[in-house]
Amino acid sequence: MTKGNPHFGTDYTPFILSVKQLTTIRMACKCSTYPDLELIRESIDKRIAITKGIKKQLQFLSESPSGDSLYKCAVCQQLWQNSRAWNWGNKEYVFKVPNIDVADWMIESFALPDQMLIYSATMNDYFKKNTLVESDKGCQKNGCGNNALLNNVLCREHFIQNLQQFGLLTKFPRGRMFSPYLVGS
Ligand SMILES: [Zn+2]
Ligand SMILES: [Zn+2]
């Protein structure tokens, strides 16, 4: 093709069109408009309400052994995971997660914000009602170097663990912890 070709200009038309199409597709991705969830009930409520709409732009990648699904936005490559929030009547919602290999994600999926929320709320409530004071005696759990609680044979950590094991306190959320959701144990 020479510079003098009269069709030179029109040769670019398909290219220009495809850029326009790409721009349209980019504009169609709304991932960045959905914030990370706040660990409050209203935030989960809101996300449940718009999850169907968000999922329309996502591609399904995989389902983990624990039953979570991993999705990807085909436009910006953002990864999303779902959860069924049992405390909200098992309703589904999706949340953004960091980049990860699907194989790694299959071994352990990300922790669920609804479980983190319930865990935090339960623990806060528990510590409001119960003041745990350290004694000067050692914890009786094998190999533990902490001091036991007053009127107790266990330290704070092992006492809480015991309550969780017996179902008297919510268990620490399963799954990979990730930013910005950081819940202390
Ligand atoms: Zn996106
Ligand atoms: Zn201990």
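Colleague: In which strand does E92 lie?
Modeller: This is a predicted model, and in it E92 touches T51, N82 and R84, leaving out residues up to four places away in sequence. The C-alpha atom of E92 is separated by 9.1 Å from that of A49, although the two are 43 residues apart along the chain. The strand that holds E92 is β4.

Colleague: Is E92 buried, partly exposed or exposed?
Modeller: A residue needs 20 or more other C-beta atoms within 10 Å to be buried, and 12 or fewer to be exposed. E92 has 15 C-beta neighbours inside 10 Å, and therefore counts as partly exposed.

Colleague: Which element gives the most residues to the largest nonpolar core?
Modeller: That core has 20 residues, of which I44, Y71, W80, Y93, V94 and F95 touch the most other members. At least two residues come from each of α3 (41-55), β2 (69-73), β3 (79-85), β4 (91-97) and α5 (113-129). In soluble globular proteins, nonpolar side chains tend to be buried together. The element that gives the most to this core, with four residues, is β4.

Colleague: With which residues is V94 in contact, leaving aside its neighbours within four places in sequence?
Modeller: V94 is among the residues that touch the most other members of the largest nonpolar core. Once its neighbours within four places in sequence are left aside, the contacts of V94 are T51, I54, K55, Y71, W80, Q81 and N82.

Colleague: Which elements are included in what covers the buried residues of α5?
Modeller: Helix α5 has 17 residues and reaches 24 Å from its first C-alpha to its last, close to the 24 Å expected at 1.5 Å a residue. Its buried residues are P113, D114, Q115, L117, I118 and Y119. What covers them includes α3, β3 and β4.

Colleague: Is I160 buried or exposed?
Modeller: I160 is found in helix α6, which covers residues 156-165, and its C-alpha atom is 9.4 Å from that of K171, 11 residues apart along the chain. The cut-off for burial is 20 or more other C-beta atoms within 10 Å. Because I160 has 20 such atoms within 10 Å, I160 is buried.

Colleague: What is the phi of Q77, given that it is not a glycine?
Modeller: Q77 has its place in the loop between β2 and β3, where it is exposed, with 10 other C-beta atoms within 10 Å. Most residues other than glycine have a negative phi, and most peptide bonds are trans. For Q77, by contrast, phi is positive, at about 70°.

Colleague: Where does N90, with its positive phi, lie, and what is that phi?
Modeller: N90 lies in the loop between β3 and β4, and with 9 C-beta neighbours inside 10 Å it counts as exposed. N90 is not a glycine, yet its phi is positive, at about 65°.

Colleague: What is the omega of the peptide bond from S179 to P180?
Modeller: P180 is found in the segment after α6. The peptide bond that leads from S179 into P180 is cis, with omega near 5°.

Colleague: How many helices and strands does the protein have?
Modeller: From the N terminus on, the elements run α-α-α-β-β-β-β-α-α-β-β-α. Of the contacts with a separation of 6 or more, 48% are between residues 24 or more positions apart, while buried residues make up 19% of the 185 residues. The secondary structure comes to six helices and six strands.

How values were computed. Residues numbered from 1 in each chain as written. Chains lettered and ligands numbered in written order. Predicted model: local features only at pLDDT ≥ 70, side-chain atom pairs only at ≥ 80, totals over all residues. Core = buried A, V, L, I, M, F, W, Y, C linked by C-beta atoms within 7 Å. Contact = placed C-beta atoms within 7 Å. Expected span 1.5 Å × (residues − 1).
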